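Good morning, and thank you for joining. Please take a moment with the sequence and the structure before we discuss the strands and the aromatic rings.

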Amino acid sequence: MGINGNPPQMVMKKNMTQSDRNEGLNRFMIPNGDRIIETWVNDSEKEIVVGGADGLEVTVLDRLGRKYQMMFKKWKSGAVVFNGAAWKEFVRNNKWTVGIPIELLVFRYGAERHLGFVLLDV
């Protein structure tokens, strides 16, 4: 799998938690998110991820290549998350349940080298 010839790189594994699945919370917690920010996020994006009110809008792909626009954000608490209405849609469309193993991959795409992610149940 590659986007414009750039293969996604695996950056995290975790099991789906109850709080990730909770539609009221509407977010996916990213363990070791700081490492992803330091390695994959450029300086102008970092200002938005870390300091922006809403975070950075990113494309997140699922196993079938469906695209979801989510916000990638580091909260003041230090937690790094994907959030927004598309997270709820992502979970429903993929029928994810608590406990399933998940991998997060990151890639750059397009002429502007936008930041993108792939979330897979493995």
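This is a predicted model: local features need pLDDT of at least 70, side-chain atom pairs count only at pLDDT 80 or more; totals for chains, interfaces and linings use all residues.

How many bridges join β1 to strand β6, and do the two run parallel or antiparallel? There are six bridges between β1 and β6, the latter spanning residues 101-109, and the two strands run antiparallel.

Seven strands form an open sheet, and their order is β1-β6-β7-β3-β4-β5-β2. The pairing in this sheet is mixed.

From one strand to the next, the twist averages 30°.

Helix α3, residues 43-51, lies across β3 (56-61), β4, β6 and β7. Its direction relative to β4 is at about 75°.

I turn now to the aromatic rings. The count comes to ten aromatic pairs, taking ring centres within 6.5 Å as the cut-off. Consider F72 and F117: their ring centres are 5.1 Å apart and their planes stand at 50°, so this pair is tilted. The pair links distant parts of the chain, with F72 in strand β4 (residues 67-74) and F117 in strand β7 (residues 114-121), 45 residues apart.

Is F117 buried or exposed? F117 is buried, with a relative accessible area of 0%. F72 is likewise buried, at a relative accessible area of 0%.

F117 has a further ring partner in F82. Here the centres lie 4.9 Å apart and the planes are at 70°, so the pair is edge-to-face. This pair, too, links distant parts of the chain: F82 belongs to strand β5 (residues 80-83), F117 to strand β7, and 35 residues separate them. F82 counts as buried, since its relative accessibility is 0%, under the 20% limit.

Which residues do the ring pairs link into a cluster? The cluster consists of F28, Y68, F72, F82, W87, F90, W96 and F117. Finally, F28 has a charged group at its ring: the charged end of K14 sits over the ring, 4.6 Å from its centre.

Conventions:
Residues are numbered from 1 along each chain as its sequence is written. Side-chain values use heavy atoms; hydrogens and water are left out. Rings of Phe, Tyr and Trp (its six-membered ring) pair if their centres lie within 6.5 Å; planes under 30 degrees apart count as stacked, over 60 as edge-to-face and the rest as tilted. Helices (H or I, at least four residues) and strands (E, at least two) are DSSP runs, numbered from the N terminus. Buried means under 20% relative accessible area, exposed over 50%, partly exposed in between (1.4 Å probe, protein chains only). A charge sits over a ring if NZ of Lys or CZ of Arg is within 6 Å of the ring centre and within 35 degrees of the ring normal. Two strands pair if DSSP finds at least two bridges between them. Axes are lines fitted to C-alpha atoms, for helices over the stretch in contact, and angles run from 0 to 180 degrees between N-to-C directions. Contact means heavy atoms within 4.5 Å.
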